[in-house]
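The exercises below are meant to be worked through with the sequence and the model side by side.

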Amino acid sequence: MICVLFGAPGSGKGTQAELITTAAMLPHVSTGELLRAEAAAGTPLGQQVAPLLAAGELVPDELIERVLERRLEAPDAGSGAVLDGYPRTLPQATRLSAHLARSGRRVNVVLVLEVDEPTLMDRLLRRAADQHRADDNPTSIAERLVEYHRRTEPVLGYYRRQGLPVLEVDGTGEVSAVHDRVVQALAGSGGW
Ligand code: AP5
Ligand code: MG
């Protein structure tokens, strides 16, 4: 089971992925977390991507594709994964489909968390006050939103054209209320 969790920055992908994966005993694969870990460890890849992360720009496809594919080959992803923040461009989506097909797998369901822009801003600026993510500042948040609309949203069309279930869920309100909607949507899709 491969579930793609989709949504703008601050829509709650990480929060909801944690809740789903705990219940389903699947790994939570966040490309943002993987890249932040590389940057924090100061690896060659980390040094290359750190300025892009801080600016809210997407990392080049060829860099992130290798990281993601390596992660999907780990034994804990044998029965599936919840992907948070991947794919984020059309080339990433087509390459992911090809990669999964080689092992007889595919994306089963895409879940989109829908949150209005003032709420996204509010959440990310609140987080900036107590955590110190380099990209939680007004300039980088604005860039992340531009990238989301310009390069990431078209990926939804790709999955819709493939006839995959693309489930749109209201991502506003309490975390637990959003989780209830997510569980209901996934159960209703039949694929989960
Ligand atoms: P990534 O780490 O994926 O960041 P993002 O998409 O900008 O989203 P966030 O992690 O900020 O938000 P989220 O949707 O996970 O929400 P969260 O649960 O944290 O990517 C970071 C960067 O890495 C990219 O900009 C790019 O540079 C690079 N990158 C990553 N993947 C890439 C790819 N595939 N290709 C190229 N580059 C890539 O919630 C946000 C906040 O809100 C938290 O404080 C949370 O506690 C709070 N919150 C959550 N839900 C609620 C709720 N219901 N009510 C109130 N508060 C809530
Ligand atoms: Mg996240």
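## Exercises on the ligand site and the fold

The shell around ligand 1 is made up of 11 nonpolar, 10 polar and 10 charged residues, where Ala, Val, Leu, Ile, Met, Phe, Trp, Tyr, Cys and Pro count as nonpolar, Asp, Glu, Lys and Arg as charged, and the others, Gly among them, as polar. This is a predicted model, in which local features need pLDDT of at least 70 and side-chain atom pairs count only at pLDDT 80 or more, while totals for chains, interfaces and linings use all residues. Residues are numbered from 1 along each chain as its sequence is written, chains are lettered from A and ligands numbered from 1 in the order in which they are written, and side-chain values use heavy atoms, with hydrogens and water left out.

**Exercise 1.** Describe the surroundings of ligand 1, and identify the helix that gives the most to its shell.

*Solution.* Begin with the count: 31 residues surround ligand 1, and the closest are Thr15, Thr31, Glu57, Arg88 and Arg144, a residue being near a molecule if one of its heavy atoms lies within 4 Å of it. Next, assign the shell to helices, which are DSSP runs (H or I, at least four residues; strands are E, at least two) numbered from the N terminus. At least two shell residues come from each of α1 (13–24), α2 (31–41), α6 (117–130) and α9 (175–189), and α2 gives the most, with 4 residues.

**Exercise 2.** Is Thr31 buried or exposed, and which backbone oxygen does its side chain reach?

*Solution.* Thr31 is found in helix α2. Thr31 is buried because its relative accessible area is 3%, the classes being buried under 20%, exposed over 50% and partly exposed in between (1.4 Å probe, protein chains only). The side chain of Thr31 also reaches the backbone oxygen of Gly85 at 2.9 Å.

**Exercise 3.** Locate a cis peptide bond and a positive phi in a residue other than glycine.

*Solution.* Most residues other than glycine have a negative phi, and most peptide bonds are trans. Tyr86 and Pro87 are joined by a cis peptide bond, with omega about 0°, and Pro87 lies in the loop between β3 (81–84) and α5 (90–102). The phi of Met25 is near 55°; Met25 belongs to the loop between α1 and β2 (28–30) and is exposed, with a relative accessible area of 72%.

**Exercise 4.** Which side chain makes a polar contact with that of Glu69?

*Solution.* Glu69 lies in helix α4 (residues 61–72) and counts as buried at 12% relative accessibility. The partner is the side chain of Arg95, at 2.7 Å.

Terms used: A polar contact is a pair of N or O atoms within 3.5 Å; within protein, one must be able to donate a hydrogen and the other to accept it, and residues adjacent in sequence count only if both atoms are side-chain atoms.
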